[in-house]
Every structure is written in C-alpha cells, then in structure tokens.
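I opened my notebook to record what I looked up about charged side chains. Here is the structure I worked from.

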Amino acid sequence: MEVDDREENLAVSRSNSADSRFDMVIGAIEDIVMDEEFQVLQNSFLEKYFHEFDDSEENRFIYTDIHTEYVNLVEKYLNNRLLEKIPQFSLPEFMNQMINRKNELDGEIFELLLTFSDFLTFKEMILDYKAEKEGRTVDLSCGFTVTPLGTRDKKEIK
Amino acid sequence: MKQKEKEMRILMLGLDNAGKTTVLKKFNGEDIDTISPTLGFNIKTLEHLSYKLNIWDVGGQKSLRSYWRNYFESTDGLIWVVDSADRMRLQDCKQELDALLLEERLAGATLLVFANKQDLPGALTAEEIKNALELSNIKTHHWLILDCSAVSGENLLQGMDWLIDDIASRIFTMD
C-alpha cells in the first residue's frame, strides 16, 4: 500500500524528476529482493545448480543454458513484480540508467542486476555460493547435494 | 557524472586448432604455453582504446559448432581465425564462414579474418587465404583479412585496432 502511494506521487511529477523515479525504482527493487519469496526463488536456483560449476577459466556450454534459465526465471520474476508496482517499467532501459549511476548505488543491488546481463557476474555469484556451501558443509562430506535445514539469509541479497 | 562505459562484444570463431584461444590469451598478455583444445568457451573482459571489450572464444571442434549459435546475440565484431598452414581444411573453413555470414543475428557484425600461424613453414599468405575463402564476394559485412601469428603476437594489435575502429564508427557515431 505504501508503495502504491509513492507510485501515484511519482506519476504526477515524473517529467520533472528523473532522479526521484530512479530512487523509487531502486527502492522497489530493494523491497522485492528482501522479500522472502524472492530469496527462496533465488536460493533454490543456486542450490539446484551450484554443483555444476567449477572455478576454472574455461566454461562449459551447460553454464550458458543455466544462465538462460536463471534469466528466464529470476529476471522475469523481478520484472513482473516491478511491473505490478510501476506500470510500463522496462528493466533494460533501467539498466542503462543504472550503469550511468553506478557510483551512487548500493553494490549488492547493482551486482544482482548485472547477473542477468553479464555472464561472468552470474558465474561469480554461483561460485561464491558454492564456496560458501562447501565451506559450511565440509564436515558432513556425505553426498552430492546437501540441503540446509533452516533457510539462512544469503549474504548477497540480505 | 561518469560517462557510460562503451562496450563491445566480440565473438571469435574458427575451426578447431586455428589458434583462437592463443590469439585471445596473447592479446591479453597471458602465458600461451599450456593451452589445450577448448571444449566449451572462454571469455575475457579487457580495456582497449578506451572501450570495454567482451571477447568470447568458443571451441571449434566439429561436434561443438552447433553451440556457436548460442553466442551470436548482440555481437558487434566477429573474428574468424584460420590456420593458414592447414591447406586440407580450407574448404571446410570456407563453408563454416559462409554459413555464419548468412546468420541474421550476425548481420550487423564487422568481420576480421586472422590468417594465423604465419610462423609455420608452408603457411599460406593472407592474400591466398582471401582467395580460398572468396572474401571479395562478401558484400554484407565490413571485413578485413590480416596475416598474423598468435605465438609471436604479430599483427594482433593491428587487427584488433581496425576491428574496434570499424565497430566504433558504426555504433558510436552519435557521440
């Protein structure tokens, strides 16, 4: 509800304030990303695929398939949620503005958005997740996939 | 405000053993002593002439060529690497290149052909490769062929500079 109010205000003043629109979009992204639904979505994706990735320079073709699936799932989810809050929102257009304002931005949101368009950022995110998992589960040494009992907030998207 | 970084996406293809990964690593100033056949793909992001280049190098073995199409999207420049000493496979090389030039998603890309391995005895010259590949018939793409040696580094920079200039003159003329 709160978000809807902001959106109305913006609709009135959009033409004279690109800045407030930008801030509003970032705020909306932060809200969505902190929401449990998004975190579950992203974590279950990482959980499903992190074991496919190795920290080697050469990439396997399957990484590209996994990246495409990620974009279709996570970017689409984010885009749809943003559309609910901001009619006619366009993520690619917003990404362009974002690159210009890189320095004003919270690094984690910027990194997250880059994972959609930049394969290497995506790969890094998976490898970070993998390193974290393997660090955490080293004592168990008992199988291929280890599912944690509790849902712990991921560092990237806290 | 910081200016938007100018990015270019460059796709490097060619038959297996043409020297694509060696070109990439040499250009990036890396060690080239331990390169093995690429079974997937490599990506390098590097700054050159104030542009940010994303160079994609995809394995060239016959069984891998069907994957090439997954990397066509948004390509600004195509580098086609030829083993100039591999006379036996020039026809294969021509067919693969011809097929790429018909690809809609590569329609806007500038083409640089590297007549690589000039350090090997018996290597054909760029002129001979140009004739074998019938490059003069290409009307759909800006193109250039250059002799080079990925091992010595000869002409890699010149080729890359031409490619970047050509792409820049097409896509950044608004600035």
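The entries below go through salt bridges and then a charged surface patch.

I note that this is a predicted model, in which local features need pLDDT of at least 70 and side-chain atom pairs count only at pLDDT 80 or more, while totals for chains, interfaces and linings use all residues. Residues are numbered from 1 along each chain as its sequence is written, chains are lettered from A and ligands numbered from 1 in the order in which they are written, and side-chain values use heavy atoms, without hydrogens and water.

I checked B:Arg65, which forms a salt bridge with B:Asp16, with 3.2 Å between the closest N and O atoms. B:Arg65 lies in the loop between β3 (51-58) and β4 (77-83) of chain B and B:Asp16 in the loop between β1 (7-13) and α1 (20-27) of chain B, so the pair ties together parts that are 49 residues apart in sequence; strands (E, at least two residues) and helices (H or I, at least four) are DSSP runs, numbered from the N terminus. B:Arg65 is buried, at 8% relative accessible area, whereas B:Asp16 is partly exposed, at 24% (buried means under 20%, exposed over 50%, partly exposed in between, with a 1.4 Å probe and protein chains only).

I also found that B:Asp16 and B:Arg65 belong to a network of salt bridges that includes B:Asp86 and B:Arg89, and that the closest N and O atoms of B:Asp86 and B:Arg89 are 2.8 Å apart.

Terms used
A salt bridge is a side-chain nitrogen of Lys or Arg within 4 Å of a carboxyl oxygen of Asp or Glu.
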